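Reader: I have a new structure to look at. Can you walk me through it?

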Amino acid sequence: MRARTEFIPATPETAMLETRSPVNDQAPRGMVFPGRLFPGIALVGILYLMYSPAFLADYLMNDEWGNIGSRDCLREAFRSAFFVWGRSLFGVYSTLVYRFVGYDPFRIQVVRFLNFASFAAIAIFLFTFLRKKTQNALFSFLIVLFLFSQPSFQGGMAYSLQMISNTQPAIWLSLLAFCIYFSSRCERIGPRLRIATVFLCLALAMQSTQTYAFFSMVPLSYLTLCDWNKQRRKIIEFLAVASVVFLVSTLAYKAGLHYWHTHGKHGYALGEEGVRALGKHPIRVFVQALNPATYWNAFEVWNYPFPFHSTHPLGTIKVAAAYCVMTAWAILICWALRTEIQGCTSEERRETLYKWFAMLVCLAFGALFVVADSPLTSREHRPHVVITFVGVAIFAAAYSCRTLALKYPSLRSTISQAVGICVVAMIAFGAQAGLVRGYVNNRAEQLNFVRTELMRAELPAYRTILVILPQQNDCITEPCGPWAGHAVQDHVALPGGYHYVLAALGTAPESKTITIVPQRPDIIDRDTVVIDWQRYISSHYGQMRSRNHP
């Protein structure tokens, strides 16, 4: 008989933030409870230090600049959001948010803080889930902090006025579906009713925003890898329900687009592009989905090179670094898989391969919307598009590290823990710097520029605000990407931001006519205030050159 080697999970070592107490612990229970809360409190505190600038500063991101002050009809918003984006509930959420804030800076800060609080609650949920599975508070703390330091979460924090309507309802509905199906407290609910409830929650999440509707795949990926033998059937059923929800929602959106087109209207450009590409070039879309280059910016784990300052755009260096991280991740996954199947019987090897395949299915749900964002070409995606993909990839890597640590004791050493803490701390510092420099300060300076130009003139004497658009719009600093690093972006061609500044200055926004032109006209009327974005950009390029070439 051939000898067989089994890996028996070892008792986790007590770590720096470990809060489990031994059986014979005679300490009062009142002392144990605060100790168990400490890691969660520390996690929220660090996230606050990282992301508090998002709700302590006055700024507007791209869509926020255009939508601020809007007061759409709820019924029309529900209808148009379904036909344009395929997410009817988002239209309701967004309309309610912009109705609430109006032009009030304080209410905007309230909304941004609520967005942060919700993200912090999601972080606590994932931390609690991981700590329960790993029995190691330090490890769970570092993994969740690393996840919430990624560029995708930086974008969600910075873009909070707009994206609170996108992210929070969809993510919480998705996590609710996960809890209903896998929580032991819901075992009393009948199987059919649970499946129906999960279907309803995921369908509502898709109608909130498709990109985050399958965020439940993040904890599901870890559950799959560590509890496959116990919960194989439930995992397969959950993935099947999610697949049906995606198929039904996609068909409903396609039917809605067809109806919208018959009335001479157009839907969301990226959505129409994805549906068209899938219909005309399904094989090319499938090949693009299998191409690793499609997902390179999901592995851009360090988008601001802290502690350096005023860094020029890294360009291909950043892309090459992301490919290196992607390669390291793939090696880690393969190494952990090889470790698990070593010395196993054929049946055990087959089950191990099945669970890793199920993990890839979870990853595929995150990849769906990355491919939909660019179905035929590889490009740098907007940060929020990769949020589920990033979460699954990090949780799979976390499981792989735990698996390898059982075989290689050096990975559980004090030195390894110190290295892990330093790396995560560096990423977290980079996330804080990236948020401030790439998003908040940049957009706050834009509003300040508009205020300065308007305050230089006696507003009651002027009837027209002439906005001159910039002639160049390149990245001037890291972090550099679709939402960050540019001196200005296309949103300055929208009137909402100027109305917001006028309201803050005590002037009725409707009392002024805003004229937006691509170039400076030869003749400008005397009753016109000029806001020249080209002058703003020139000054910023000059500042960057002086910083890097003193």
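Predicted model: local features only at pLDDT ≥ 70, side-chain atom pairs only at ≥ 80, totals over all residues.

Reader: Take Trp-335 and Tyr-408. What sort of aromatic pair do they form?

Author: A tilted one. The rings of Trp-335 and Tyr-408 are 5.4 Å apart, centre to centre, with 55° between the planes.

Reader: Which parts of the chain does that pair link?

Author: Distant ones. Trp-335 is in helix α15, residues 316-341. Tyr-408 is in the loop between α17 (387-407) and α18. They are 73 residues apart.

Reader: And how accessible is Trp-335?

Author: Trp-335 has 37% relative accessibility, so it counts as partly exposed. Tyr-408 is also in the partly exposed class, with a relative accessible area of 28%.

Reader: Which rings are linked into a cluster?

Author: Ring pairs link Trp-65, Phe-449, Tyr-498, Trp-533 and Tyr-536.

Reader: What lies over the face of Phe-90?

Author: Arg-87, at 4.9 Å from the ring centre. There is also Arg-402, whose charged end sits over the ring of Phe-139, 5.4 Å from its centre.

Reader: New topic. How many salt bridges does a search of the whole structure find?

Author: It finds 17. One of them joins Arg-451 and Asp-58, with the closest N and O atoms 2.4 Å apart. That pair links distant parts of the chain, 393 residues apart. Arg-451 belongs to helix α18 (residues 414-455), while Asp-58 is in the loop between α2 (53-56) and α3 (62-67).

Reader: Is Arg-451 buried or exposed?

Author: Buried. Its relative accessible area is 16%, and the cut-off for buried is under 20%. Asp-58 counts as partly exposed, at 25% relative accessibility.

Reader: What about Arg-463? Which residue is its salt-bridge partner?

Author: Asp-527. Their closest N and O atoms are 2.7 Å apart. This pair also links distant parts of the chain, 64 residues apart. Arg-463 is in the loop between α18 and β1 (464-468). Asp-527 is in the loop between β2 (513-517) and β3 (528-532).

Reader: Where is the salt bridge between Arg-520 and Asp-532?

Author: Arg-520 lies in the loop between β2 and β3, and Asp-532 in strand β3, so the pair ties together parts that are 12 residues apart in sequence. The closest N and O atoms of Arg-520 and Asp-532 are 3.6 Å apart. Arg-520 is partly exposed, with a relative accessible area of 49%. Asp-532 is buried, at 14%.

Reader: Which residues do shared partners join into one network?

Author: Glu-300, Lys-318 and Glu-380, through salt bridges.

Reader: Back to the strands. In what order do they form the sheet?

Author: The order is β2-β1-β3, in an open sheet with parallel pairing. β2 and β3 stand at the edges with a single partner strand each, so one side of each has no neighbour in the sheet. On average, neighbouring strands are turned by 20° against each other, direction ignored.

Reader: How many bridges join β1 to β3?

Author: Five, and the two strands run parallel. Asp-532 turns up here too: in β3, this residue is the bridge partner of Ile-468.

Reader: Last one. Which strands does α18 lie across?

Author: β1 and β3. Helix α18 runs at about 150° to β3.

How values were computed. Residues numbered from 1 in each chain as written. Heavy atoms only, no water. Salt bridge = Lys/Arg side-chain N within 4 Å of Asp/Glu carboxyl O. Helix = DSSP H or I, 4+ residues; strand = E, 2+ residues; numbered from the N terminus. Buried < 20%, exposed > 50% of the residue type's maximum accessible area, 1.4 Å probe, protein only. Phe/Tyr/Trp six-rings, centres within 6.5 Å; stacked < 30°, edge-to-face > 60°. Lys NZ or Arg CZ within 6 Å of the ring centre and 35° of its normal. Pairing = 2+ DSSP bridges. Axes fitted to C-alpha atoms, helices over the stretch in contact; angles between N-to-C directions. Contact = heavy atoms within 4.5 Å.
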